[in-house]
Amino acid sequence: MRFTIVRDELVKSINVAFRAISSKVSYPVLENLKLDLDDMGLSITGSNFEISIKTLIPYSDGERDIIRNYKKGSALIKGKLFADITRSMDDEEITFDVIDNNATITDNHSEYRINCIRPEEYPDLDLEAIGTELVLSKENFHAICEQTAFAASTKEQRPVLTALNLEAENGVLTATATDAARMARKSISIADDVKFVANVPARMMVEVDHLLENLAEVSISFSDKKALFKLGRTVVATRLIAGDYPNTKNIVPKITSYALEVNGADLLKAIARANLLSMDRENVVDLSMSDDGISISAKSSQVGSAIEKIDNFKFEGSQLRVSFNSEFVSAAVRALGAEDVTMAFVGEMKPFVIKNTKDDSIIQVVTPVRTY
């Protein structure tokens, strides 16, 4: 195997495939990137079995040659080392040459000789698009990830809660994330004939979102065990999380007795300042509401207390006090992306809703914290 390639194109593609290589791998072979030079160009593949990424560098782009002086073949090379070497080189082109599992990486100033292993040792990866296909615009995919993924659990005790539940039916795609203490839900319109349910790891959705930078859309194929994303010349496959996702359809209260409308930026600032004194209660702050005023407070038995008043508001209902995790509410407000937000309450210890009154496609639910 041999080729001379434009350095920037190689580095960019290595960075994409390297996202799939974990710092802790069960199989040492997965520390490697797999290089395949065939009729299409140079494919670079990385995997940790949970996620696999394969990206293609074509021989040319229009009249611009990217790969020249080549001999087709395959190689396995340590991913981190390969990334570090190619990033450190200064010339516009890099030459990669493999003979008897020994790779030589050169430009006009540097030369590296690296031991490789046989490409046959790399596992076979399922990177075929099968099942139900859905095409989403970059904007819709980004909105789903940004407005819901943060609410998924990061703990492995209940693996299904680390997923983003995607359900397509009757022309609507609904994305739901919950860690049992909060929930985020986003809905977008899709084709009427698309129907599926899939639990996609939330962090994998975020990884794909990062790769969408210069693309207009992403094509997703869902089968029983995997989701496969096509992003231009890159393919990303991830395993789905098995198990039944919790029924969250009845979490959003249909009738509420209290409603607070407030500027989102004012609310975030007040929470942040009050939260400085919440170290004794793990980021718990208190929201007190009445016709007379709105305040957010926190206290520490060792340090003292803080009260933040919000002047501009609209409140409906009798007096109410609710305690909540400040990080949960702040994340929910930021996800709405609205100038003004509405918080709707049933009672002191019932889950409450945070929403953008001008966009009913997104809704956030937070469970209060008992402080007595």
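This is a predicted model: local features need pLDDT of at least 70, side-chain atom pairs count only at pLDDT 80 or more; totals for chains, interfaces and linings use all residues.
Me: What makes residues of the protein chain count as buried, and what share of the 372 do so?
Reply: A residue is called buried when its relative accessible area is under 20%. Of the 372 residues in the protein chain, 52% count as buried.

Me: How do you know which side chains of the protein chain are positive and which negative?
Reply: Lys and Arg are taken as positive, Asp and Glu as negative, and His is not counted. On that basis the protein chain has 43 positive and 55 negative side chains. The centres of these two sets lie 4 Å apart.

Me: Why are β23 and β25 said to stand at the edges?
Reply: The open sheet has four strands in the order β23-β22-β21-β25, with antiparallel pairing. Both β23 (304–310) and β25 (320–325) have a single partner strand, so one side of each is left without a neighbour in the sheet. From one strand to the next, the twist averages 20°.

Me: What makes β21 and β25 a pair?
Reply: Pairing requires at least two bridges between the strands. Among the residues involved, S288 has R321 in β25 as its bridge partner.

Me: How do you know that helix α6 packs on the sheet, and which strands are touched?
Reply: Contact requires heavy atoms within 4.5 Å. Helix α6 (residues 326–336) touches β21 and β25, and the direction of α6 makes about 90° with that of β25.

Conventions: Residues are numbered from 1 along each chain as its sequence is written. Side-chain values use heavy atoms; hydrogens and water are left out. Buried means under 20% relative accessible area, exposed over 50%, partly exposed in between (1.4 Å probe, protein chains only). The place of a charge is taken as NZ of Lys, CZ of Arg, CG of Asp or CD of Glu. Helices (H or I, at least four residues) and strands (E, at least two) are DSSP runs, numbered from the N terminus. Axes are lines fitted to C-alpha atoms, for helices over the stretch in contact, and angles run from 0 to 180 degrees between N-to-C directions.
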